[in-house]
Amino acid sequence: MFNFLEPLRNIDFVKRRFYFIGLSSVVVLIGIVLFFVKGGFRQSIDFAGGTRLEVKINDNIGIEDVRRVIVSTGVTKNVTYVGDPKDNIFLISIGVDEEYVHKVETVKKALQDNFREVIIRSENTVGPRLSQEFFRNAMILSLVVGALILIYIGIRFDFIFGLGAIVALIHDLLIAFTVILLFDIEMDISIIAAILTILGYSVTDTVVVYDRIRENFEAVKSSEVEYVVNKSIRQVIVRSVLTSFTTLLVVLAFIAWGPETLKGFAIVLLTGIISGTYSSLFIASPIVIELEKQKLIKQEQSI
């Protein structure tokens with residue numbers, strides 16, 4: 001059967017490694033600029049505190065109609081669909097401050113004045129102290145997961161491979177943060193879950209590539225590091241692309257037909273899968289090349 005990805009095995013990826021590093025650097029630089037221009041990430045009430053109103057409006061309207069009404073109150077503009085848009089159920093987020101109780105009532109009144117039938121399905125408030133606890137726990141969880149991954153990589157591979165895997169992980173996180181800023185995605189618990197998933201996915205992909213490089217180092221018995229790494233990338237690239245593609249189909253379906261409240265999660269996950277595959281092949285591997293070459297130079301000098 002014809003494999004349309006087979007031509008990828010003929011490309012000299014190692015020769016072009018500085019182009020890949022340059023591309024990633026540009027994307028990360030865009031993320032840094034966006035961070036300072038936007039003043040950081042947009043935080044959900046999970047981390048910043050506030051109230052979520054879930055309302056059902058029995059009227060022939062859309063999300064833009066609801067957004068226009070709540071924006072006119074000057075309280076918030078954060079409104080998303082809950083579930084199927086045809087059900088006309090909306091989630092409205094209102095930030096917490098000294099007057100947030102008054103603001104919540106203002107939004108309720110504006111909705112009731114402008115639409116025929118408004119049903120308040122739920123009202124959940126996260127106080128500043130609880131939101132800070134959520135944020136602290138999320139950061140601790142992220143650090144613990146990151147530390148466990150590093151321990152695993154350190155046990156399975158040597159220092160050089162471990163360092164390459166760490167750089168690839170940091171690369172994937174920075175790319176994910178760039179996309180979050182670019183699409184103005186709200187940071188909430190689901191985004192933290194997506195980031196942790198990205199870490200796991202990236203490591204899995206990197207381990208596959210590193211395993212092949214290590215096997216080829218032992219089998220080829222060649223001191224030509226670039227040749228061995230290029231050979232390894234060519235051997236695994238079709239498998240990596242096809243595996244990621246099948247996973248992407250699921251995530252793309254989720255973006256197209258999934259609930260509105262989880263679109264941010266799906267977009268970040270989509271970015272992480274692409275970035276994880278890319279970094280395993282074109283970021284982690286070049287680092288191994290440079291470090292292995294330095295190691296060989298030192299060994300030759302010590303003789």
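Analyst: At 15% relative accessibility, K108 counts as buried, where buried means under 20% relative accessible area, exposed over 50%, and partly exposed in between, with a 1.4 Å probe and protein chains only. Its partner E105, with a relative accessible area of 44%, is partly exposed, and the two side chains meet in a salt bridge with an N to O distance of 3.5 Å; the term stands for a side-chain nitrogen of Lys or Arg within 4 Å of a carboxyl oxygen of Asp or Glu. Because K108 and E105 are three residues apart in helix α4 (residues 100–114), about one helical turn separates them. Helices (H or I, at least four residues) and strands (E, at least two) are DSSP runs numbered from the N terminus.

Before going on, please note that this is a predicted model, in which local features need pLDDT of at least 70 and side-chain atom pairs count only at pLDDT 80 or more, while totals for chains, interfaces and linings use all residues. Residues are numbered from 1 along each chain as its sequence is written, and side-chain values use heavy atoms, with hydrogens and water left out.

In general, side chains of opposite charge can pair when their charged atoms come close. A search of the whole structure finds 14 salt bridges. Another of them joins E64 to R67, whose closest N and O atoms are 2.8 Å apart; this pair sits in helix α3 (residues 63–72), three residues apart and therefore separated by about one helical turn. R67 is partly exposed, at 24% relative accessibility.

The salt bridge between R121 and E54, with closest N and O atoms 2.9 Å apart, links two strands: R121 lies in β4 (residues 118–126) and E54 in β1 (residues 50–57), so the pair ties together parts that are 67 residues apart in sequence. Here R121 is partly exposed at 45% relative accessibility, whereas E54 is buried, with a relative accessible area of 17%.

As for the setting of these pairs, the protein chain contains ten helices and four strands, which follow one another along the sequence in the pattern α-α-β-α-β-β-α-β-α-α-α-α-α-α. Of its 303 residues, 42% count as buried, and along the principal axes its C-alpha trace spans about 85 × 50 × 30 Å.
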